[in-house]
Amino acid sequence: MRRFDGSKLVIATHNAGKLREISALLAPFDVEVTSAGELGLEEPEETEATFIGNARIKAHFAAKKSGLPALADDSGIEVDALDGRPGVYTADWAETPNGRDFAMAMSRVWEECEAMGAPEPRVARFRATLCLAWPDGHDEIFEGAAEGRLVWPMRGENGFGFDPMFLPDGHNQTFGEMTPEQKGPLTHRTAAFEKLVAGCFES
């Protein structure tokens with residue numbers, strides 16, 4: 001496994017919430033972090049049907065364009081009653097002509113569960129795949145998950161994406177109700193990140 005030994009890293013995202021989360025996780029490692037958005041890089045088309053495939057597209061695109069190592073995250077929510085949907089298409093379910101509307105996307109998920117009479121608890125998980133890519137084409141992949149269930153109506157103003165309808169196992173607050181400090185250790189992204197750190201950052 002290749003170690004990260006640089007001083008600058010591009011986070012291959014235009015999502016401010018995701019950038020904040022990943023930057024906080026990288027804070028102990030004295031790495032200067034910038035984002036694809038801040039560098040003015042366009043967003044590559046995500047044409048793969050898996051989290052790994054799309055994470056690779058984003059990480060390699062940003063590494064090649066910037067000449068720096070790049071870290072990409074592809075993540076989404078899988079609902080068992082919906083056969084794992086929206087999954088890799090999580091962000092697509094929120095797309096509108098005026099940007100992403102996750103309240104609309106969450107309503108769609110709940111309405112589809114209701115329409116099929118899905119029993120409670122409506123088991124779901126957030127899944128995250130991290131790809132750390134270098135300009136020479138090498139990459140390392142790390143995966144993580146957060147298990148829980150769906151709740152309705154939405155609860156909480158914190159977080160982003162589907163956080164207000166996701167209740168993690170063993171807790172009575174949704175991700176949307178938790179502070180970043182409460183949510184951080186429980187997330188799919190943190191689970192994947194711990195593997196990334198152990199593999200590429202820690203000596």
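Me: Strands here are DSSP runs (E, at least two residues) and helices are DSSP runs too (H or I, at least four), all numbered from the N terminus. With that settled, where is the place of D163?

Reply: The model is a predicted one. In it, D163 sits in the loop between strand 7 and strand 8.

Me: Is D163 buried or exposed?

Reply: D163 has a relative accessible area of 4%. The cut-off for buried is under 20%, so D163 is buried.

Me: Which residues does D163 touch, leaving aside those up to four places away in sequence?

Reply: With those sequence neighbours not counted, D163 touches F126, N158, T174, F175, G176 and K183.

Me: Turning to the sheet, what is the order of its strands?

Reply: The sheet is open and has 6 strands in the order 2-1-3-6-7-8, with mixed pairing. Strand 2 (32-35) and strand 8 (166-168) are the edge strands, each pairing on one side only. From one strand to the next, the twist averages 35°.

Me: In which sense do strand 3 and strand 6 pair?

Reply: Strand 3 (residues 70-79) and strand 6 (residues 123-133) pair in the antiparallel sense, over 10 bridges. As an example, G76 has R127 in strand 6 as its bridge partner.

Me: Which strands does helix 5 touch where it packs on the sheet?

Reply: Helix 5 (residues 188-201) packs on the sheet and touches strand 3, strand 6 and strand 7 (139-150). The direction of helix 5 makes about 155° with that of strand 7.

Me: And helix 1: at what angle do helix 1 and helix 5 pack?

Reply: Helix 1 (residues 16-26) and helix 5 pack at an angle of about 40°, and their axes are 11 Å apart.

Me: A change of topic, to the backbone. Which peptide bonds are cis?

Reply: The bond from R85 to P86 is cis, with omega near -5°. The bond from W152 to P153 is also cis, with omega near 0°. As background, most peptide bonds are trans.

Me: Where do P86 and P153 lie?

Reply: P86 lies in the loop between strand 3 and strand 4 (95-96). P153 is found in the loop between strand 7 and strand 8, and D163 has its place in the loop between strand 7 and strand 8 as well.

Me: What about phi: which residues have a positive value without being glycine?

Reply: Among them are D30, with a positive phi of about 55°, and D83, with phi near 55°. Most residues other than glycine have a negative phi.

Me: Where are D30 and D83, and are they buried or exposed?

Reply: D30 lies in the loop between helix 1 and strand 2, while D83 is in the loop between strand 3 and strand 4. Exposed means over 50% relative accessible area. D30 is at 72% relative accessibility and therefore counts as exposed. D83, at 75%, likewise counts as exposed.

Terms used: Residues numbered from 1 in each chain as written. Predicted model: local features only at pLDDT ≥ 70, side-chain atom pairs only at ≥ 80, totals over all residues. Heavy atoms only, no water. Pairing = 2+ DSSP bridges. Axes fitted to C-alpha atoms, helices over the stretch in contact; angles between N-to-C directions. Contact = heavy atoms within 4.5 Å. Buried < 20%, exposed > 50% of the residue type's maximum accessible area, 1.4 Å probe, protein only.
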